[in-house]
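Student: I've got a new structure to look at. Can you walk me through a few spots?
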Amino acid sequence: MDFRLLGPVEVRRDDQRIDLAGTKMHTLLAALLLARGKVVPDTRLSTLLWGMSPPTTMKAQIYTHVSRLRKLLEPEIAIHRRSPGYVLETGDSHVDVVEYDRLDRLGRQALRAGRYEEAGTLLRSALELWRGPVLSNATEFLAAEEGPQWDEGHAATLENRMEADLALGRHQQVIAELTRLVADFPLRERLRAQLMTALYRCGRQADALHVFRLGRSVLAEELGVDPGSELTTTHEAVLRGTLDYQGAVAGHTAQGPGAAPTTAVASPPTGPTTAGTGTASLPAAPRHVPAMLPPDTAAFVGRQRELEAVTALLAPADDPGADPAGARRLLITGMAGVGKTSLAVRAAHAVRERFPDGQLYADLAASDGTPEDPRGVLIRLLRSLGHEPAQNVRHDLDELVRLYRTHTAGRRLLVLLDNGVSGAQLAPLLPASPHAGVLVTGHAHLAAVVGPDILALEPMPDREALAVLRTIVGAARVAAEPQAAAQIVAHCAGLPLALRIAGARLASRPHWPLARLTQRLAEPTERLRELRFGDLDLDRSLRRWLARTGGPVRDLLACLSVLGEQPFTASAAATALSLPPARAEDLVEQLADGALLETVGPVEYRFHRLVLLYARCLTAHCPQPAMPALVAA
């Protein structure tokens, strides 16, 4: 079978077109094909089919569409249900996007190797697969998400093909096509530089300068920027009469969809020459210095001892007393809301001047607490480092890791990885360079990947907690009602997130006495509901932490909540869970590793006061039949 996505979505069997009725059928097929053998979750299919307004019968409708698609494509093609979605196996079928990626990759390799004739043939073959606007008969949701990167890839392939033609001396033949392309893509500086090169080599120096002036005006009007180094260097070479196009020789070809412009296509007349060519060498591309850190926490108070420990560990290798061979990696753990991220961000800002090559940041948990795909995170980090991964490697984790470690090698970078979920997710994101400093926040089990340096954050002591409240609310209001302030601190139980929420509520209501909030927090069953303000929500934070912890933690917490606030032993937990003592101890230790229980002795545990309130809210969702399932776990 023949699947075509580079234009209207289409499928053919023995050169006969198969009728896919409706936009949604085309969208479903395209989404499954673009996943390249990976499972597409129901949630993603819903978004691509209906956007943010799916019908209540969403799953049933997806099932119906899949069933119809199966009937049309069988027996050559199989679509399987694999939780949480569907996967399509193409077998020996031809898929144009796969063939395009293959030809484009081989063409770029030939271009870098100086095999220009071969490169031009491969790249032309790749471009011939395009039949119009990509995914043009799919839903606007799929077209909006996938279309831009494929359009960018198409333009990059055109640029590389032009580079091959110019290297072969075909400047006369490509002027008309380049003129049209520059009109179609007026902001693509590489195409404009290629047109200037072709015009200059045809003896049309004045026209080449006119193309530059037009480009400079468009960039200023549309983006408010000046031409980049590639276009500027080409302009200077035209003025000096020294333009000699070298793009492929230098090996700086565009890398597929979204590729950054290559380095300058021309060289100034001075400086060292390239051996055997008699032309000036290309200037080194400027190194990107990322600055991705979130803003520092405005009301950061206390944690001085912990802050000093973090900043001391992140000392660069050339600092006196630092181990030059030691990897500077630190894991910050602790329960939800205890301030792991705030401490990490404050420490990162404190030492960022000691990492001159920049700072990288990534939140590794999605809004619902589930882990982010490391491939997506790597793509974002590579972009910040100045490299846009090619379309054909965006699904290849091993290749993305190779690129990431290549672009971080030897660089003094600070890397902050927030809300780590699993070792499999985290390991690809660690730079190999011993000069990099790495801060990770997340569960204790991540130490197996990060290393032995762990800082376990405890809830704040009352003195520091009161200082946090005073910073947010104001010293005068706290001094006026010291008893109420102390009660608010007690209700927040040392959690900085809870204190920030309480303080923000009071700061936004200057007419409230502190005693009013104290009264509202006094009722345990209402306390979590009261501890939310704007985007800050302690209940949601605890819910996301549970989602990242994994395992049957929800049922465990609900069932153990009957033990109350006092310390309890593993034997008491076994009784509450109706499990053998050894099994109960293993499960309780898992909760302690996830900072959902506090360890107060070798075999003693207790709930944090606010986690206990949350666990008691889960009691209604802890049916008795769940207990055998826990034993089986």
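Student: What should I know before starting?

Tutor: This is a predicted model: local features need pLDDT of at least 70, side-chain atom pairs count only at pLDDT 80 or more, and totals for chains, interfaces and linings use all residues. Residues are numbered from 1 along each chain as its sequence is written, and side-chain values use heavy atoms, with hydrogens and water left out.

Student: Where is Thr 311 found?

Tutor: Thr 311 is in helix H12, residues 304-313. Helices here are DSSP runs (H or I, at least four residues), numbered from the N terminus.

Student: Is Thr 311 buried or exposed?

Tutor: Thr 311 counts as buried because its relative accessibility is 16%. Buried means under 20% relative accessible area, exposed over 50%, partly exposed in between (1.4 Å probe, protein chains only).

Student: And what is Thr 311 in contact with?

Tutor: Leaving aside neighbours within four places in sequence, Thr 311 is in contact with Ala 347, Ala 350, Val 351 and Arg 354. Contact means heavy atoms within 4.5 Å.

Student: New topic. Where does Ala 138 lie?

Tutor: Ala 138 sits in the loop between helix H5 (116-127) and helix H6 (140-167). Ala 138 counts as buried, at 12% relative accessibility.

Student: What does Ala 138 touch?

Tutor: Thr 23 and Thr 27, not counting residues up to four places away in sequence.

Student: Now the helices. Which residues of H26 meet H27?

Tutor: Ala 570, Ala 573, Ala 574 and Leu 577 in H26. They meet Pro 581, Ala 584, Glu 585 and Val 588 in H27.

Note on methods
Helix = DSSP H or I, 4+ residues; strand = E, 2+ residues; numbered from the N terminus.
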